[in-house]
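Here is a short briefing to read alongside the model. Have the viewer open, and let's walk through it topic by topic.

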Amino acid sequence: MIADALRKLELDAVPMATPTGRLVGASGLLLEAVGCPLHTGQRCQIETVGGEWLDAQVVGFRDKLSFLMPFKKAIGLQTGARVLPSPDKSTLAIGPSWLGRMVNGLGEPIDGLGKLGGEFPLDYTPPRVHPLRKKPVTEPLDVGIRAINSMLTIGRGQRVGLMAGSGVGKSVLLGMMTRQTVADVVVVGLIGERSREVREFVDMSLGAEGMRKAVLVIAPADESPLMRIMATELCHSIAAHYRDQGKNVLLLVDSLTRYAMALREQALALGEPPATKGYPPSVFSNLPQLVESAGNGENAVGSMSAIYTVLAEGDDQQDPVVDTARAILDGHIVLTRELAERGHYPAINVGASVSRCMAHVISPSHMNAARALKASVARHDRVRDLIPLGAYVPGADPMTDKAVNLHPHIEDFLCQGAKEPAPYANCVEHLERLMA
């Protein structure tokens, strides 16, 4: 009798029919299916002419049409192909074995080191933390960059943007911070960048020592927009997991602009009208949702600091993505082409940059010294063009004279070699001694 009951339960678990849709359209990035109800965010499999299955995700619908976007390049599709909904349950699980590994936007290993295991379920969507329960930013984060540690001090749990045009040194600076930041776990999202830079980042920026405590989520420029979006969100989920485990986590995303571009491609394919510089309105509502998933959590232990590179196209600091990032992040570090052309590396313009949490994590003497250095740089900039012409006459303004005499020492202080360490305590001591 028990055996009959078990057999009945097993039979009840077998579906009487498998819901199947049909592919009726393929235009650019978008596929259209009919025949079975699908909800947004649901995954599907589409049959190709070779008998293989292409993974896709539902991104919208209109009447009886469901709009799908493939994770990889769609090859071998034909009208009437079967569309099978995938189970809603996520099988992604994370654990300590993820450290030192490289995955794609679906959490699949791409480093050839075998399957990934884990005992904790991991959602592809980054978790949200109630704003009133977030742990405040109260401790400085040592990033190993003298100009940042001293002049733009970052706190544990802060979100900061590195803003610059192309070829000004964002990736090099990001690599320096990756190697030198004091953190238990480093999660790196390489989103929409050149595939050549992936191996360079692993070998030159991280190295064997850094790789042991890092997780890399990679979606190069030749991946589909959906994969770039999922990879960006996945690296936030991974960083949040380790944060909630009590680790001090550093999240690096290169770049936030490529994520916005992927959102733009998806939205335009769905027919959303372009607005500012070709970006549809939904892009500017998705960016805050992503950024707000970073930062500290509810636990007293553990932190999640996030650094995003933001590409200023044409060196335009009023670019819509740059402007939005400046408004929603806890600070911005501006790299300028003028400093880079003068051989000033890292090319950080301390006058145009700001850390909104700096006042909460440093001492009054440190703050006074940083303000004095900024004022000195500003005074020197006013007469910079007059000095080579011989038009500047010392003695008219003692404060300007002091700024001119101090400028070479400030330049030496703010410049730093790519392999030169700069611990936080040494940076602060050097700054206060320089401005005493």
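S255 sits in the loop that links β15 (248-254) to α6 (256-269). In this predicted model, the peptide bond leading from D254 into S255 is cis, with omega near 15 degrees.

**Other backbone details**
- Y345 and P346 are also joined by a cis peptide bond, and its omega is about -10 degrees.
- You will find P346 in the loop between α9 (337-341) and β18.
- D63 is not a glycine, yet its phi is positive, at about 55 degrees.
- The place to look for D63 is the loop between β4 (53-62) and β5 (65-70).
- As background, most peptide bonds are trans, and most residues other than glycine have a negative phi.

**The eight-stranded sheet**
- An open sheet with mixed pairing is built from eight strands, in the order β8-β14-β13-β15-β16-β12-β17-β18.
- At its edges lie β8 (101-103) and β18 (354-355), each of which pairs on one side only.
- β8 runs parallel to β14 (residues 214-219), and three bridges join the two strands.
- Within this pair, R101 stands opposite V215 of β14.
- Helix α4 (residues 196-211) packs on the sheet, where it touches β8, β13 (185-191) and β14.
- The direction of α4 makes about 165 degrees with that of β14.

**The α13 and α14 pair**
- Helix α13 (residues 398-414) and helix α14 (residues 424-434) have axes that come within 11 Å and cross at roughly 175 degrees.
- Angles over 145 degrees count as roughly antiparallel, and α13 and α14 are therefore roughly antiparallel to each other.
- From α13, the contact is made by L406, H409, I410 and F413, while α14 brings C427, H430, L431 and L434.
- Sorted by class, this contact of α13 with α14 has six nonpolar residues, two polar ones and no charged ones.

**Domains and their interface**
- The domain assignment divides the protein chain into domain 1 (21-85), domain 2 (92-362) and domain 3 (366-435).
- Taken over C-alpha atoms, the centres of domain 2 and domain 3 are 30 Å apart.
- Contacts between these two involve 24 residues of domain 2 and 22 residues of domain 3.
- About 2100 Å² is buried between domain 2 and domain 3, and carbon and sulfur atoms give 59% of that area.
- Which residues of domain 2 lose the most area to domain 3? They are R146, M151 and H344, which together make up 33% of what that side buries.

Terms used:
Residues are numbered from 1 along each chain as its sequence is written. This is a predicted model: local features need pLDDT of at least 70, side-chain atom pairs count only at pLDDT 80 or more; totals for chains, interfaces and linings use all residues. Side-chain values use heavy atoms; hydrogens and water are left out. Two strands pair if DSSP finds at least two bridges between them. Helices (H or I, at least four residues) and strands (E, at least two) are DSSP runs, numbered from the N terminus. Contact means heavy atoms within 4.5 Å. Axes are lines fitted to C-alpha atoms, for helices over the stretch in contact, and angles run from 0 to 180 degrees between N-to-C directions. Angles under 35 degrees count as roughly parallel, over 145 as roughly antiparallel, 65 to 115 as roughly perpendicular and the rest as oblique. Ala, Val, Leu, Ile, Met, Phe, Trp, Tyr, Cys and Pro count as nonpolar, Asp, Glu, Lys and Arg as charged, and the others, Gly among them, as polar. Domain bounds come from an automatic or database domain assignment. Buried area is the accessible area (1.4 Å probe) that two parts lose on being put together, summed over both.
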